Amino acid sequence: MKALTKNTTFVIVMSLFAGVSVMGQAKKNLQNFRSVDKSGINVFEAPKTPNTEFDGLYVWVGGDFALQFQGLTQTNSGDSLADISSNFNLPTANLNIDVQLEKGLRMHLRTYLSSRHHTEAYVKGGYMQIDNLDFIQEGLLSELMESVRIKVGMDQINYGDAQFRRSDNASALYNPFVGNYIMDSFTTEPFMEVTVLNSGFIGVIGATNGRLNQSVASTDDGFVVFGKLGFDIQPQEDLRLRLTGSLYNSSDKGTRDYIYGGDRAGSRYYAVAEGSDFSGRFNPRYAYQTAFQINPFVKYQGLEFFGLIEQVNNGADAGGGFTQLGGELIYRFGADENVYLGGRYNTVTGEQTDAASEIEISRINFGGGWFLTENVLTKLEYVKQSYDGDGYNGSLYQGAEFSGIMVEAVISF
């Protein structure tokens, strides 16, 4: 009944704001904005169009809905994992508010109205994006701001490219599969970042305090710096090439680092393995760490490849670390590429400390999707995830695996 109550609330809120969203929507547009529909697929950083005219305050109220039918089974060496049956998961919903405040000045706010991990609606985060400084003084640093973007807020940071293809609670239209990566590098923290986008060049530098939950307690004085370098070019009409490398480094003053545990919505595979709200994922749980992620992306006509190479090292003297590898091969076909088929392979291997035994987690996905409209997507996938390595001996994960079919329906507008 809680999910029903939250979804009902969402409908009421959307009805109240529908006029704001619809009025003038055909006449006005959000500037430097990644579309929430099918046209936002394979968009990473929001496009930058510095010469766009401002035609008054504009509020866009949108939302996301997602529902999965889960048909998974699981087992382990001791036959001690919970029995799970085929059924529907909790429907999830987002409320999104985007406001064009001035030329090149935009605000974003996302609220999770229904999510797996929290039983109440709560704000995921938001930010202010600055692509032009005319609101301070007309023409201020205009040539520089043609390539520079400033973002400030309490939201996800721009570390890695996998975050642009993941499901963010009910916002699952960008993700060709149901689940996110096993080691899910995503967090929402107070941050400031500067991005340079110029003729295919991408550069990002930013900082955060490394905290998911904010406090003025003096016991945690940690901070994080992160950055990204790369290029995104289209040498010919049918070919697009992108390659980026991202770095994340947290100081030894932190008491907990959330880069792999910052998604408070929960995972997409319910009740598997240990059965927690984050089941099926892996979080190293280092208090501080250094991580890097390399992401190649190639699209030729309807065929696309996205890759992930990631390494995270424990900042403590105890050592240890984990390597994540991932690759997606997708083929989109039809006149408007409304249908796609593809597969993803993802592994995490490593040890918690130098003295610990190695663990390995592997996952394979096969499936496809169909865009019924620009805003409506249905997905079907087969997923199998396995746990291996001496580090799991004697634990719940020894010989563990889950597999089966997932069906997901997504609406974003």
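**Note on cavities, buried charges and loops**

1. Asn42 counts as buried, at 10% relative accessibility; here buried means under 20% relative accessible area, exposed over 50%, and partly exposed in between, with a 1.4 Å probe and protein chains only. Asn42 lies in the loop between α1 and β1. Although Asn42 is not a glycine, its phi is positive, at about 65 degrees. Helices (H or I, at least four residues) and strands (E, at least two) are DSSP runs, numbered from the N terminus.

2. The model is predicted: local features need pLDDT of at least 70 and side-chain atom pairs count only at pLDDT 80 or more, while totals for chains, interfaces and linings use all residues. Residues are numbered from 1 along each chain as its sequence is written, and side-chain values use heavy atoms, with hydrogens and water left out.

3. Leu141 also has a positive phi, of about 50 degrees, although it is not a glycine. Leu141 is found in the loop between β5 and α2 (142–145). With a relative accessible area of 48%, Leu141 is partly exposed.

4. The next points concern empty space. Rolling a probe the size of a water molecule over the atoms shows where empty space is left. On a 1 Å grid over the protein atoms alone, a cavity is a set of points where a 1.4 Å probe fits but cannot get out, and a pocket is an open set with protein on both sides within 12 Å along at least five of seven lines; lining residues have an atom within 4 Å of a point. Grid points are joined across faces, edges and corners, and a volume is the space filled by probe spheres set on the points.

5. A search of the whole structure finds seven cavities of 30 Å³ or more. The largest cavity has a volume of about 620 Å³. The elements that give two or more residues to the lining of the largest cavity are β1 (58–75), β3 (92–102), β4 (105–114), β5 (122–130), β6 (148–156) and β7 (188–198). The largest share of this lining, four residues, comes from β6.

6. In total, 33 residues line the largest cavity, and Arg34, Tyr127, Lys151, Gln156 and Phe164 lie nearest its centre. The lining divides into ten nonpolar, nine polar and 14 charged residues. In this division Ala, Val, Leu, Ile, Met, Phe, Trp, Tyr, Cys and Pro count as nonpolar, Asp, Glu, Lys and Arg as charged, and the others, Gly among them, as polar.

7. Lys151 has its place in strand β6. Not counting residues up to four places away in sequence, Lys151 touches Tyr127, Met128, Gln129, Phe191, Met192 and Glu193, where contact means heavy atoms within 4.5 Å.

8. The count of salt bridges comes to 26. In one of them, Glu45 pairs with Arg242, with the closest N and O atoms 2.9 Å apart. This pair links distant parts of the chain, 197 residues apart: Glu45 is in the loop between α1 (2–22) and β1, and Arg242 is in strand β10 (residues 239–250). Both Glu45 and Arg242 are buried.

9. Glu304 and Lys299 also meet in a salt bridge, at 3.7 Å from N to O. Salt bridges that share partners join Arg165, Lys299, Glu304, Glu328, Arg332, Glu337 and Arg344 into one network. Glu304 is buried, with a relative accessible area of 1%, and Lys299 is buried at 16%.

10. The largest pocket holds about 500 Å³ of space. Of the 30 residues that line this pocket, Phe278, Arg281, Phe282, Asn283 and Arg285 are the closest to its centre. Strands β14 (339–351) and β15 (359–373) each supply at least two residues of the lining.

11. Gly280 lies in the loop between β10 and β11 (289–300). Is Gly280 buried or exposed? Gly280 is buried, with a relative accessible area of 1%. Among the residues that Gly280 touches, not counting those up to four places away in sequence, are Ile182, Arg363 and Phe402.

Technical notes: A salt bridge is a side-chain nitrogen of Lys or Arg within 4 Å of a carboxyl oxygen of Asp or Glu.
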